[in-house]
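Colleague: I have a model open and would like to go through a few spots with you. Can we start with one of the helices?

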Amino acid sequence: MLNNSSAIIEQYIRDLDGYSIGQLRFNSDEDVWSVGQMYIHVIDVAKEYIGHIETCTKATNEEPEGKTEVGTKALAEKEWPNISVKLEQPPSATKNPESKDEIIAGLEQVLEKLAHWECRVDEANPDCKVRHGWFGWLNARDWFEMVGMHSRHHLRQKAKLDEKLAEAGIS
C-alpha cells in the first residue's frame with residue numbers, strides 16, 4: 001500500500017531544512033499563520049486524526065451514518081477541497097515553534113504513529129466511525145487518508161507563506 005500520508009509528512013521534514021527559525025516564526029499579517037504555526041497545526045491535526053484511528057479500531061458500536069456529500073467526494077478523490085477554511089480560533093491561538101527540533105520531533109512522532117497504524121487500519125471494523133464536522137462519519141481507513149489529505153492541503157498554504165517571506169526579505 002502506498003502510504004501517501006507518510007510521504008507528505010516526509011516532504012514537510014525535507015522542506016524544513018530551507019527555513020531559519022526567524023522565517024518559521026515570521027507573521028506577515030495578524031490574521032495569517034507563520035510557516036512555523038502552520039507546521040504546528042499540521043502536526044496537531046495529524047495527531048488528532050491518528051487518535052480517531054485508534055478510537056475507530058477500539059470501538060464496538062457501529063455507526064450507520066456515513067460521509068457527507070463533500071466527504072464522499074473528498075475521500076474518493078483523496079483531495080481536500082481547495083478552499084480556505086476559517087478556524088474558530090485566531091491564528092495567534094496556534095503557538096509559534098520554539099525551534100526546528102520541536103517541529104522535527106512532532107513530525108517524526110506523526111510518522112511513527114502512521115507506520116504503527118498503516119497495516120492495522122484495514123483490520124478495523126469499517127462501520128466503527130468517528131464524526132468529522134465537515135466530512136461526516138469516517139472509519140479508521142478514512143482517518144488515515146485524512147492525515148495525508150489535510151497535510152497536502154496545507155502545502156498550498158505553505159507556498160503562499162513562502163511568497164510572503166520572499167516579499168518581506170526575511171532570512
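Colleague: Which residues of helix α4 are buried?

Modeller: In α4, residues 69-77, the buried ones are Gly71, Ala74 and Leu75. Buried means under 20% relative accessible area, exposed means over 50%, and partly exposed is in between, with a 1.4 Å probe and protein chains only. Helices are DSSP runs of H or I with at least four residues, strands are runs of E with at least two, and both are numbered from the N terminus.

Colleague: Why do those three count as being on the same side of α4?

Modeller: Because they cover an arc of only 90° around the axis. The arc is taken from the directions that run from the helix axis to the C-beta atoms.

Colleague: And which residues are exposed on the other side of α4?

Modeller: Glu69, Lys73 and Ala76.

Colleague: What do the buried residues of α4 pack against?

Modeller: Against β2 (136-138) and α6 (140-168). Contact here means heavy atoms within 4.5 Å.

Colleague: Before I go on, what sort of model is this?

Modeller: It is a predicted model, in which local features need pLDDT of at least 70 and side-chain atom pairs count only at pLDDT 80 or more, while totals for chains, interfaces and linings use all residues. Residues are numbered from 1 along each chain as its sequence is written, and side-chain values use heavy atoms, with hydrogens and water left out.

Colleague: Where is Lys78 found, then?

Modeller: In the loop between α4 and α5 (100-118). Lys78 has a relative accessible area of 40%, so it is partly exposed.

Colleague: Changing topic to aromatics. How many aromatic pairs does a search of the whole structure find?

Modeller: Six. Rings of Phe, Tyr and Trp (its six-membered ring) pair if their centres lie within 6.5 Å; planes under 30 degrees apart count as stacked, over 60 as edge-to-face and the rest as tilted. One of the pairs is Tyr19 with Tyr39, which is edge-to-face at 6.5 Å centre to centre and 80° between the planes.

Colleague: Which parts does the pair of Tyr19 and Tyr39 tie together?

Modeller: Tyr19 lies in the loop between α1 (4-16) and α2 (21-25), and Tyr39 in helix α3 (residues 35-58), so the parts tied together are 20 residues apart in sequence.

Colleague: Is Tyr19 buried or exposed?

Modeller: Tyr19 counts as buried at 7% relative accessibility. Tyr39 also counts as buried, at 0%.

Colleague: What about Tyr49 and Trp143, what kind of pair do they form?

Modeller: A tilted one, with 4.9 Å centre to centre and 55° between the planes. Tyr49 lies in helix α3 and Trp143 in helix α6, so this pair ties together parts that are 94 residues apart in sequence. Tyr49 is buried, with a relative accessible area of 5%, and Trp143 counts as buried at 1%.

Colleague: Which residues do ring pairs link into a cluster?

Modeller: Tyr12, Tyr19 and Tyr39.

Colleague: Back to helices. At what angle do α3 and α6 pack?

Modeller: About 175°, with the axes 9 Å apart. α3 and α6 are therefore roughly antiparallel to each other. Axes are lines fitted to C-alpha atoms, for helices over the stretch in contact, and angles run from 0 to 180 degrees between N-to-C directions. Angles under 35 degrees count as roughly parallel, over 145 as roughly antiparallel, 65 to 115 as roughly perpendicular and the rest as oblique.

Colleague: How do the residues of the contact of α3 with α6 divide?

Modeller: Into 17 nonpolar, seven polar and two charged. Nonpolar covers Ala, Val, Leu, Ile, Met, Phe, Trp, Tyr, Cys and Pro; charged covers Asp, Glu, Lys and Arg; the others, Gly among them, count as polar.

Colleague: One last residue. What does His52 touch?

Modeller: Val130 and Trp143, not counting residues up to four places away in sequence. His52 is found in helix α3 and counts as buried at 19% relative accessibility. The C-alpha atoms of His52 and Leu138 are separated by 8.9 Å, although the two are 86 residues apart along the chain.
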